[in-house]
Structures are given as C-alpha cells and as structure tokens.
Amino acid sequence: MRTLAQAHALGRHVGSDRLIQAALDALLADVDSPSIPLLAGLGRREEHEARELFDRVADELGIGFEAPEDPTVAKWALAYWLADQVVEGSLDPARGADLIWAEVAMDLGYPDELQPVVQAAIQLADWDENWGIPLESLKEDARTAVRELVRRRPPA
C-alpha cells in the first residue's frame with residue numbers, strides 16, 4: 001500500500017482496481033484500519049470512491065506520502081522511486097529504464113547522472129533479435145545502470 005501511495009503522489013496512474021486489490025491483500029494480511037474493509041468491499045459501480053478511500057486508509061496507517069513541491073526535485077524523486085522498484089525486482093528493468101528516460105530525463109534536459117539509464121533504455125527500445133545480443137543481456141545492462149543511479153543517490 002505504501003508503494004501505491006508513493007506512486008500516486010509522484011504522478012503515476014494507479015487504477016481503482018489496484019487500490020481495491022491492495023485493500024483485499026491488506027485484509028488477508030491482518031492489517032487493521034477502519035477504512036480497509038470499506039475499500040476492499042467496493043464493487044464496480046463504486047470504483048470512483050476508491051481513490052478517496054485509499055487516501056483515508058493511507059492516513060489511518062500513517063503511510064501517506066507527499067511529493068516534493070519543486071517540479072525538478074519531484075522529477076528526481078520519481079527517478080529514484082522507479083530505480084528502487086527496478087532494484088527491488090517489482091519493475092522490469094526495461095520498463096523502468098524506459099520510464100526514467102521518458103518521464104524524467106526528457107523533462108530534466110538529460111542530466112549526466114541519468115545518461116547510463118537513458119542509453120540502456122534506447123538500446124532496449126531499438127533491440128532486434130537479429131542483433132545477436134540476448135535481450136536479457138540488455139536488461140541486465142539497464143539493471144546495472146539503475147543500481148548505479150541508486151548507489152550515487154545524494155543523501156536526503
């Protein structure tokens with residue numbers, strides 16, 4: 001649930017179905033909050049209520065997250081959040097590198113710190129099976145570039 005709260009705060013789209021599923025998963029894991037059963041019990045016709053209920057659950061659990069107000073700082077926060085998802089294995093390295101390229105690097109004017117990730121994303125986007133380089137090898141290059149980005153993250 002914390003990851004979904006962060007994703008939404010950083011401008012990522014999180015569908016109502018994912019919010020409801022997170023509440024169901026929380027119930028099964030014995031997470032206690034007055035609003036979790038309400039969110040978990042939403043039907044299709046009530047999906048429009050999911051965001052508000054999820055925000056209430058996040059507040060009740062103390063997992064709310066606010067993105068930085070400065071747009072540049074917020075973009076860097078998104079880059080590091082996406083990179084963390086790749087390192088943790090919850091985001092495919094090709095998808096993560098592509099998102100960092102498209103949603104962060106472009107907006108920040110392609111800073112040097114993101115160049116290895118951007119280069120990996122470009123290679124993955126251009127990859128063709130006739131290259132003789134396995135796709136997994138390029139994904140590993142992206143994973144390495146993202147790990148290095150995380151390693152060099154400035155202290156908060």
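Serine 35 is buried, with a relative accessible area of 2%, in this predicted model. Residues up to four places away in sequence being left out, serine 35 touches Leu53, Arg56, Val57 and Glu60. With glutamate 60 the interaction is also polar: the side chains of serine 35 and glutamate 60 make a polar contact at 2.6 Å.

The nonpolar interior was examined next. In soluble globular proteins, nonpolar side chains tend to be buried together. In the present model, the largest nonpolar core comprises 45 residues, of which Leu39, Leu82, Ile100, Leu114, Val117 and Leu149 touch the most other members. Two or more residues of this core are supplied by each of α1, α2 (16-28), α3 (36-40), α4 (50-61), α5, α6 (93-105), α7 (115-126) and α8 (135-151). The greatest contribution to the core is that of α5, with eight residues. When neighbours within four places in sequence are set aside, isoleucine 100 is in contact with Ala79, Leu82, Ala83, Ala105, Leu114, Val117, Val146 and Leu149. Among these partners, Leu82, Leu114, Val117 and Leu149 also belong to the group of core residues that touch the most other members.

Pocket analysis was then carried out on the model. The largest pocket has a volume of about 270 Å³. Its lining consists of Gln6, Leu10, Phe65, Pro68, Val73, Trp76, Ala77, Tyr80, Trp81, Asp84 and Arg153. By class, eight of these lining residues are nonpolar, one is polar and two are charged. Helix α5, spanning residues 71-88, gives the most to this lining, with six residues.

The second largest pocket holds about 230 Å³ of space. A total of 13 residues line the second largest pocket, and those closest to its centre are Ala7, Arg12, Arg18, Trp81 and Leu91. Two or more lining residues come from each of α1 (2-9) and α5. The lining of the second largest pocket divides into seven nonpolar, four polar and two charged residues. Trp81 lines both pockets, being listed in the lining of the largest pocket and placed among the residues closest to the centre of the second largest pocket.

Conventions
Residues are numbered from 1 along each chain as its sequence is written. This is a predicted model: local features need pLDDT of at least 70, side-chain atom pairs count only at pLDDT 80 or more; totals for chains, interfaces and linings use all residues. Side-chain values use heavy atoms; hydrogens and water are left out. On a 1 Å grid over the protein atoms alone, a cavity is a set of points where a 1.4 Å probe fits but cannot get out, and a pocket is an open set with protein on both sides within 12 Å along at least five of seven lines; lining residues have an atom within 4 Å of a point. Grid points are joined across faces, edges and corners, and a volume is the space filled by probe spheres set on the points. Helices (H or I, at least four residues) and strands (E, at least two) are DSSP runs, numbered from the N terminus. Ala, Val, Leu, Ile, Met, Phe, Trp, Tyr, Cys and Pro count as nonpolar, Asp, Glu, Lys and Arg as charged, and the others, Gly among them, as polar. A nonpolar core is a set of buried Ala, Val, Leu, Ile, Met, Phe, Trp, Tyr and Cys residues joined through side-chain atoms within 4.5 Å. Buried means under 20% relative accessible area, exposed over 50%, partly exposed in between (1.4 Å probe, protein chains only). Contact means heavy atoms within 4.5 Å. A polar contact is a pair of N or O atoms within 3.5 Å; within protein, one must be able to donate a hydrogen and the other to accept it, and residues adjacent in sequence count only if both atoms are side-chain atoms.
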